[in-house]
Each structure stands twice: as C-alpha cells, then as structure tokens.
Amino acid sequence: MERKRIAIIGGGPAGLIAADLLAPHCDVHLYELGKSVGRKFLVAGQGGFNLTNSAEGAELKQVYSPAGFLDEALSTFGPTQLRAWLQEMGIGTYVGTSGRVFPTRGIKPIEVLQAIRDRLDVRGVHFHLEHAFVGFDEQTRPIVESSTGRTSLEADFILFALGGASWPVTGSTGEWSSHFAAIGLDIVPFRPSNCGINVTWPPHFVAAHAGKALKNIRVTAGDRSVLGEATITEHGLEGNAIYPVVPVVRDALVQRQ
Ligand SMILES: Cc1cc2nc3c(=O)[nH]c(=O)nc-3n(C[C@H](O)[C@H](O)[C@H](O)COP(=O)(O)OP(=O)(O)OC[C@H]3O[C@@H](n4cnc5c(N)ncnc54)[C@H](O)[C@@H]3O)c2cc1C
C-alpha cells in the first residue's frame with residue numbers, strides 16, 4: 001500500500017513527537033521556520049525543566065483549560081506513555097517532590113532534544129529547516145517560504161504544530177493565527193496560561209522582598225487550590241503554586257472588564 005505523505009509544520013515538542021509517532025506509518029516532512037527544531041524546548045530547559053507531571057486521570061485533566069478539550073488526548077497519551085517514550089530513547093526520568101517529572105540527574109536538555117532528533121533521523125523524517133508557513137494558496141494548500149522562494153505543500157494530511165504566542169524569540173510568535181483567519185476560520189484568541197501573575201507591589205515591598213521564595217504555601221483562586229511554592233518578583237508572583245490558578249484569575253479578570 002502506498003505510504004501517505006504527512007506535512008508537519010512546526011518543530012517544537014508537539015511537532016517532534018507527532019513526527020516520531022507517524023514516521024513508521026507514513027512519509028513525514030517537517031517544516032520549521034528556525035535554523036533548528038526545539039528552540040523553545042531548550043529555553044524551557046534553562047529553568048526547572050520538568051518534562052511532564054506525575055498526575056494522572058482527573059487530577060491531570062483539570063489543569064488544562066478550556067475544560068475537556070484535551071481529555072481524550074491525555075487519556076490516550078498521558079505522562080506514563082510520555083515517560084515510556086523517553087525511556088525508549090535512553091532518557092530516564094524521575095518524579096520530584098512536587099510531582100513534576102524530570103530527566104534523570106545529569107541528563108541535559110540538549111541531550112534530550114538530540115536523542116529525539118537522532119531517533120527521527122533513523123526513522124527517516126525529512127527536515128525542512130528555515131521554511132516558514134506564510135499562508136494558504138487559492139486551493140487552501142499551505143504555502144511555505146524559504147531562501148529558494150515560495151511553494152505550496154502537497155501532502156495527504158497536514159498537521160499544524162505552530163505553538164502559542166508566548167516566546168517570539170524562539171519562533172513562537174502566534175502570527176500563524178492570522179493565516180487561518182484569512183481563510184475564514186474562527187480563531188479563539190490566545191490567552192495566558194501557566195505563567196506568573198502581575199501584582200502592583202508598593203516600591204518599598206519590592207525593594208525589601210523581590211527574589212524571596214515562599215515555601216509550602218497554599219494558593220486558592222475560585223475553586224482551584226494549590227500547595228507549592230512561589231517567588232516574589234519585581235512584577236508579581238511566579239512559581240508552581242501560582243501557575244495552576246492562572247486560568248481562574250484570568251477568567252475573573254476578563255469578566256470584570
Ligand atoms: C521560559 C519557559 C520555561 C518553560 N518551562 C517548561 C518546563 O519546564 N516544562 C514544560 O513542560 N514546559 C515548559 N515550558 C513550556 C514549553 O516550552 C511549551 O509548552 C512547549 O514548547 C510547547 O510546544 P509546542 O510544540 O506546542 O510549541 P513550540 O515549542 O512553541 O513550537 C512551535 C514551533 O513552531 C515553529 N513555528 C511557528 N510559526 C511557524 C511558521 N509560521 N512556520 C514554520 N514554523 C513555525 C516555531 O519556530 C517553533 O519551533 C516553558 C516555556 C518557557 C517560555
């Protein structure tokens with residue numbers, strides 16, 4: 001049977017894992033606007049670098065919003081499957097005290113990315129770096145632009161894995177949403193999630209406390225209550241006790257507007 005041709009646009013974690021899972025069954029071509037894949041993944045690696053979370057079932061699903069939209073995906077391929085997938089590439093993991101899952105001590109983010117890259121090379125994934133998705137042609141085929149010009153992609157299926165809008169310096173600009181709007185698709189605007197919150201601290205408070213850690217705290221917003229830690233920053237609060245309550249805070253702020 002003839003193998004289907006799949007075009008994946010976007011070389012972040014989502015595009016890379018999709019390429020790996022599809023490559024045994026299809027011809028996979030991955031298009032990425034940057035000179036390399038996984039650049040935001042490497043930025044993430046500069047901090048705590050948790051690869052996933054040990055939570056399962058309802059506990060895991062409730063941290064994603066809007067409610068329900070990822071339930072099926074998380075049931076099919078959750079943290080257990082992700083850890084097994086990494087283990088196949090020789091990347092061991094362990095669960096930290098916060099429940100977050102990290103690579104075995106000593107394994108660096110670049111090594112995790114390289115292991116994924118090596119596996120995709122072995123599986124015959126075709127990489128097209130410095131190829132930017134710039135819109136659709138009149139037959140709604142995606143157009144990619146490279147140093148040699150513009151081409152409409154020919155593929156049996158196209159998977160868009162273009163990331164959010166939170167880290168433009170590594171390619172996650174969110175500009176792609178305008179290309180979908182231009183062909184008449186409804187776009188749900190980007191909204192903040194899993195981020196710090198701004199608090200207008202008095203200047204003397206910032207001078208005295210910015211950079212300090214708050215350990216073993218419980219943060220509650222609406223129906224969500226989280227045990228963890230936070231750091232006081234110049235702009236507000238960051239940390240694993242803050243991020244999960246952001247959707248509740250965000251929605252409350254929107255309602256007040
Ligand atoms: C500072 C920081 C720390 C983080 N820490 C963690 C952590 O510890 N653990 C964790 O799980 N997550 C962490 N994250 C979040 C994590 O980085 C993202 O959830 C993840 O990168 C999302 O993967 P993605 O593939 O959906 O999108 P992205 O990683 O954004 O990848 C999208 C890709 O698409 C490409 N692209 C975009 N537009 C186009 C276009 N028009 N044409 C072609 N290609 C295009 C981009 O260049 C990019 O490579 C962190 C993020 C940041 C910013």
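**Layout and residues**

Reply: The protein chain splits into domain 1 (5–55 + 104–182) and domain 2 (197–256), with bounds from an automatic or database domain assignment. This is a predicted model, in which local features need pLDDT of at least 70 and side-chain atom pairs count only at pLDDT 80 or more, while totals for chains, interfaces and linings use all residues. Residues are numbered from 1 along each chain as its sequence is written, and side-chain values use heavy atoms, with hydrogens and water left out.

Me: How far apart are the C-alpha centres of domain 1 and domain 2?

Reply: They lie 32 Å apart. The C-alpha atoms of the protein chain fill a box of roughly 65 × 45 × 35 Å along the principal axes.

Me: How many helices and strands are there in the protein chain?

Reply: Nine helices and 14 strands. These are DSSP runs numbered from the N terminus (helices: H or I, at least four residues; strands: E, at least two).

Me: And what percentage of the residues count as buried?

Reply: Of 257 residues, 34% are buried. Buried means under 20% relative accessible area, exposed means over 50%, and partly exposed is in between (1.4 Å probe, protein chains only).

Me: Where is the largest nonpolar core built from, in terms of elements?

Reply: The core itself has 26 residues, and Leu16, Leu30, Leu86 and Val125 have the most contacts inside it. The elements giving two or more residues to this core are β1 (5–9), α1 (13–22), β2 (27–32), α5 (79–88) and α6 (109–122). The largest share, five residues, comes from α6. A nonpolar core here is a set of buried Ala, Val, Leu, Ile, Met, Phe, Trp, Tyr and Cys residues joined through side-chain atoms within 4.5 Å.

Me: Switching topic. Is Arg250 buried or exposed?

Reply: Arg250 counts as buried, at 8% relative accessibility. Arg250 sits in helix α9 (residues 246–256). Leaving aside neighbours within four places in sequence, Arg250 contacts Ser65, Arg191, Pro192 and Ser193.

Me: Which helix holds Lys61?

Reply: Lys61 is in α3 (residues 57–61). Lys61 is partly exposed, with a relative accessible area of 22%. With neighbours within four places in sequence left out, Lys61 is in contact with Asp71, Leu74 and Ser75.

Me: Now backbone angles. What is the phi of Glu130?

Reply: Glu130 has a positive phi of about 55°, although it is not a glycine. Most residues other than glycine have a negative phi. Glu130 is in the loop between β6 (126–129) and β7 (132–136), and counts as partly exposed at 46% relative accessibility.

Me: What about the phi of Asn194?

Reply: Asn194 also has a positive value, near 50°. Asn194 lies in the loop between α7 (177–182) and β11 (197–198). At 56% relative accessibility, Asn194 counts as exposed.

Me: Last one. How far apart are the mean positions of the positive and negative charges?

Reply: They are 7 Å apart, for 23 positive and 25 negative charges. Lys and Arg count as positive, Asp and Glu as negative, with His and the chain ends not counted. Each charge is placed at NZ of Lys, CZ of Arg, CG of Asp or CD of Glu.

Technical notes:
Contact = heavy atoms within 4.5 Å.
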